Amino acid sequence: MSGIENVSRRRFLTGGIVAAGALVLGVRYYPKLAAGGKVPHDTNADRATLHPSVYLGIVPDGTVWIVAHRSEMGTTSRTTLPLVVADELDADWKRVTIEQAIGDARYGEQNTDGSHSIRGFYTAMRVAGATARFMLIQAAARQWDVPAAECETDLHVVVHRATNRRAGYGELATAASRFPVPKQEELKLKPKSAWRYIGKGSVSYDLEALVTGKAIYGMDARMDGMVYASIERPPVLGGKVKSFDDKEPLKVAGVRQTVAIDPFQGAPAFQPLGGVAVIADNTWAAFQGRKKLNISWDNGPNETYSSDSYQKELQATSHNPCKVVRNVGDADAVFAKGGKVHEADYYVPLLAHAAMEPLVALAEFKNGKATLWAPTQNPQAVQDIVSKELGIAKEDVICHVTLLGGGFGRKSKPDYVAEAAVLSKKLARPVKVVWTREDDIKFDYYNAVASMYFKAALGTNGKPAAWLQRSVFPPIPSIFDLNAVYGDPGHLQQGWTDIPYDLPNLRVENGPAKAHVRIGWLRSVANIYHGFGIQCFTDELAHAAGRDPLDYLLDLIGQPRTIDFKGVEYPNYGASLETYPWETGRLRHVTQLVAEKSGWGKRKHAKGTGVGIAAHKSFLTYVATVVEVEVNDQGEVRIPRVDTALDAGLVVNPEATRAQFEGAAVFGTSVARSGEITATKGVINQSNFQDYPVARINEVPAQTNVYIVDSDAPPAGVGEPGVPPFIAALCNAIFAATGKRVRDLPITKLGFS
Amino acid sequence: MFDEAYPVHAFAASSAAIQLTVNGEKQSFSGEPEMPLLWYLRDILGLTGSKFGCGIGLCGACTVHVNGQATRACVTTMKDAAGKEVTTVEGLEKNGLHPLQKAWMQINVPQCGYCQVGQIMQAAALLNSKKKPTDQDIDEAMAGNICRCGTYNRIRAAIKAAAGEMS
């Protein structure tokens, strides 16, 4: 079991994806009580009779209000964290009401990204629940005039067994509220044996609303007097409006006016891209009016960007020595000796998020304050950018978080919310900005295009005597700094500097690449290309050595040990290496487990069928996946079965975790089958699901079996880690079935479909 | 969180107005006849259960029933909906939950949930025409509905569970 950990000492990564649990413990108590200050937006928990933590409140009728401060995009953060509070409180889940927090630093970090909601807040949630339970026990003990140590809790009641007395949480709330909030050291957390919900999990709190259409997403937000906006943005990043003519749009019934939006200054970050907004009485009129805009653009320097030549550039860079980001032994000395060498280039194109709900935001600027309703993964980033754009204090930006129709990282970047805020200020009325699917595809923060070069000197038993890998990709920091060309440690760590193989001579390099589109994080981020490259190159080496890929993979992972990152800048996803060491034994274990469960080596594979394996750790979770494929003479790939084993430490919600890994196999199928965004002269070529297809029901794995390792290690991520090993295992299976090696995604480039 | 009293845009009924039935209630629309049904339902009637996903009939998030047929509301104009009976998720089941909605909950299908209403409306039309669909029937009927979270196998299982329940 994980002990109480002071999460505030974790590293805070600027501009990266993980800013884990910063200062959680410091904001446990309600600042209004402590300092007489005001909070921008009271919750029901704040107003409750017993309110010992920002995360919960209990009222006399026994209702427990729990504040969900993380965004809900389908991973169940909004359910699973409150479950932890309820467990430690010994509360009846049926009497819990969840309310969604606005963006507010008093909750701690809120960027629901980087698969770290549970990891970052598991302890804080337990402490919140235990604090309330402690106070309820104190109140009952005084009422009964017995020592508190003799009292305990059962479902939603405090009990004194010796005298057979019981009191409900509701009836104790008022008395409990008169006790001081205990220090964390005074609390005793429940032992694992007494857990009600942790490890057992629950379905989504919103399940019924989700199937009845009553759930409110950003797209469903509405407000009296609001107008709708659709924005024509510069087709090339950094472009500007030279001039525009709105005579025709203004003739469209329902169109009210057009408004120019300034282009961003300096690096794009989360600023609006600029362009011309068409304002109308309904969404469709805004779309229609926008089609009739006549705009003359100044495209700027990114007009020279085209994906074909860019791929060649990245590849050329990767064929020359680059910046060394990790080194073991002396790979060059081995290569200099000559002998058998195996080399390969791998490539993954730009990828778009394409969450089902296109970007949307509703803003009202009134009396110097901005109120927003948005499907955002990151409401505090909304506060930052809106306060900058409107020149108001961060506290005057109230960001309500709706449900998200998918996020996958795109909705951590609040450019679309800033657009609505800017327009609302200009128009002095509520404005809802609705992105079309075409906008969503063309103005994404894409997962980076990456070229990778691998070289191995084959030694005894086909094992690499030396291994060299170089990756070249435009880095995410380029959205904050136009001159950033090298990968930052936060993304180089993602399956690259932490290659887990036990090799005597290993050199890991990274080369420079200038970005010409906005680069961002997408479900598993740099792990997508790094996992694909390393795990497929490993499979190549296994076949070159004439060895079984599972055996070979286990041989490279080696015996259980803790990876030593001395001399490597390795942020470990914002977690300390003491609490979350990199243990190869756990990767080895999931690899063996998935091999056993999938019947690796035991099942016969007919012509045109095959299985592939891959193992990859990301977001502190160890995963191994076996994919089975059937490929017919036309190159059509069917995926009858996927087996995936994971060790994510303590798993609070196994049902939700299984769902995430099932979904990851589908997400990975989309990446491998059809994921490709390209640009010509700086303009994105794709626009909607006809040219950026995502996997449909008849294209996905027919069966995905998920095996969760029972573990008491501290909790790790589950939303993202299923994606990288799936993609590699699929491509390795295609090789096993056909003898064709996919090195360049998507698989259509090699004639598969 | 949102203003419940959101005003429904009133369009004066005229002889040129388009008449249609939505969830059993007669409606009259005298706006732009080329407006897609989806935006009429969402922006004008305030029925937001049907979702906007692609705008060109490729994702199925907007699926409603028009005269009992699963139809993409984002590419169906108001002109085309004239005189028709439209059913949205809000009108799918008058009493409680539809067997598909129950099965969806039992099998815990949704993740983000955004596409699920469209999936359920598509599946409801399938079960109206085929009481016991096979895997292949389901794949054919549901291939127009995208779920980016990847809940497809649970969707298939839920349709089968509901079919068993309904027979």
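Author: Helices, of at least four residues, and strands, of at least two, are DSSP runs numbered from the N terminus. The model discussed here is predicted.

Reader: Where does A:Val525 lie in those terms?

Author: A:Val525 is in the loop between strand 21 (506-511) and helix 15 (526-544) of chain A.

Reader: Why does A:Val525 count as buried?

Author: A residue is buried if 20 or more other C-beta atoms lie within 10 Å of its own. A:Val525 has 27 such neighbours, so it counts as buried.

Reader: What is the phi of A:Val525?

Author: Phi is positive, about 55°, although A:Val525 is not a glycine. Most residues other than glycine have a negative phi.

Reader: Which value does B:Asn108 take, and where does B:Asn108 lie?

Author: Phi of B:Asn108 is near 55°, again a positive value in a residue other than glycine. B:Asn108 belongs to the loop between helix 3 and helix 4 of chain B.

Reader: Why is B:Asn108 called partly exposed?

Author: Buried needs 20 or more neighbours, exposed 12 or fewer, and partly exposed is what lies in between. B:Asn108 has 19 other C-beta atoms within 10 Å and is therefore partly exposed.

Reader: What makes B:Gly83 exposed?

Author: The limit for exposed is 12 or fewer. B:Gly83 has 10 other C-beta atoms within 10 Å, so it is exposed. The residue sits in the loop between helix 2 (78-81) and strand 5 (85-87) of chain B. Leaving out residues up to four places away in sequence, B:Gly83 touches B:Gln19 and B:Leu20.

Reader: Is A:Gly254 buried or exposed?

Author: A:Gly254 has 21 C-beta neighbours inside 10 Å and therefore counts as buried. A:Gly254 is in the loop between helix 7 (247-251) and strand 10 (255-261) of chain A. With residues up to four places away in sequence not counted, A:Gly254 touches A:Ala280, A:Asp281, A:Asn282 and A:Ala285.

Reader: How do you know that helix 19 of chain A is largely enclosed by the rest of the structure?

Author: Of its 16 residues, 15 are buried, so helix 19 of chain A is largely enclosed.

Reader: What follows helix 19 of chain A?

Author: Just after helix 19 of chain A, A:Gly739 has a positive phi of about 80°. A:Pro746 lies in the segment after helix 19 of chain A. The peptide bond from A:Leu745 to A:Pro746 is cis, with omega near -5°. Most peptide bonds are trans.

Reader: Why are helix 16 and helix 17 of chain A called roughly antiparallel?

Author: The axes of helix 16 (residues 549-557) and helix 17 (residues 584-598) of chain A come within 10 Å and cross at roughly 170°. Angles over 145 degrees count as roughly antiparallel, and the two helices are therefore roughly antiparallel to each other. In the contact, A:Leu550, A:Leu553, A:Leu554 and A:Ile557 of helix 16 of chain A meet residues of helix 17 of chain A including A:Leu587 and A:Ala595.

Reader: What makes helix 4 and helix 5 of chain A roughly perpendicular?

Author: Helix 4 (residues 117-144) and helix 5 (residues 169-176) of chain A pack at about 90°, with axes 8 Å apart. The range for roughly perpendicular is 65 to 115 degrees, and the pair is therefore roughly perpendicular. Among the residues in contact are A:Met135 and A:Leu136 of helix 4 of chain A and A:Tyr169 and A:Leu172 of helix 5 of chain A. The contact has eight nonpolar, two polar and no charged residues.

Reader: Why is helix 3 of chain B called oblique to helix 6 of chain B?

Author: The axes of helix 3 (residues 99-106) and helix 6 (residues 152-166) of chain B come within 8 Å and cross at roughly 130°. That angle makes helix 3 of chain B oblique to helix 6 of chain B, and the crossing is right-handed. B:Trp104 of helix 3 of chain B and B:Met166 of helix 6 of chain B are among the residues that make the contact.

Reader: How many residues of chain B are in contact with chain A?

Author: 49 residues of chain B are in contact with 51 residues of chain A. Helix 3 and helix 6 of chain B are among the helices that each supply at least two residues of the side of chain B that touches chain A. That side of chain B divides into 30 nonpolar, 12 polar and seven charged residues.

Key. Residues numbered from 1 in each chain as written. Chains lettered and ligands numbered in written order. Predicted model: local features only at pLDDT ≥ 70, side-chain atom pairs only at ≥ 80, totals over all residues. Axes fitted to C-alpha atoms, helices over the stretch in contact; angles between N-to-C directions. Parallel < 35°, antiparallel > 145°, perpendicular 65-115°, else oblique. Left-handed = near helix turned anticlockwise from the far one by under 90°. Contact = placed C-beta atoms within 7 Å. Nonpolar A, V, L, I, M, F, W, Y, C, P; charged D, E, K, R; others polar.
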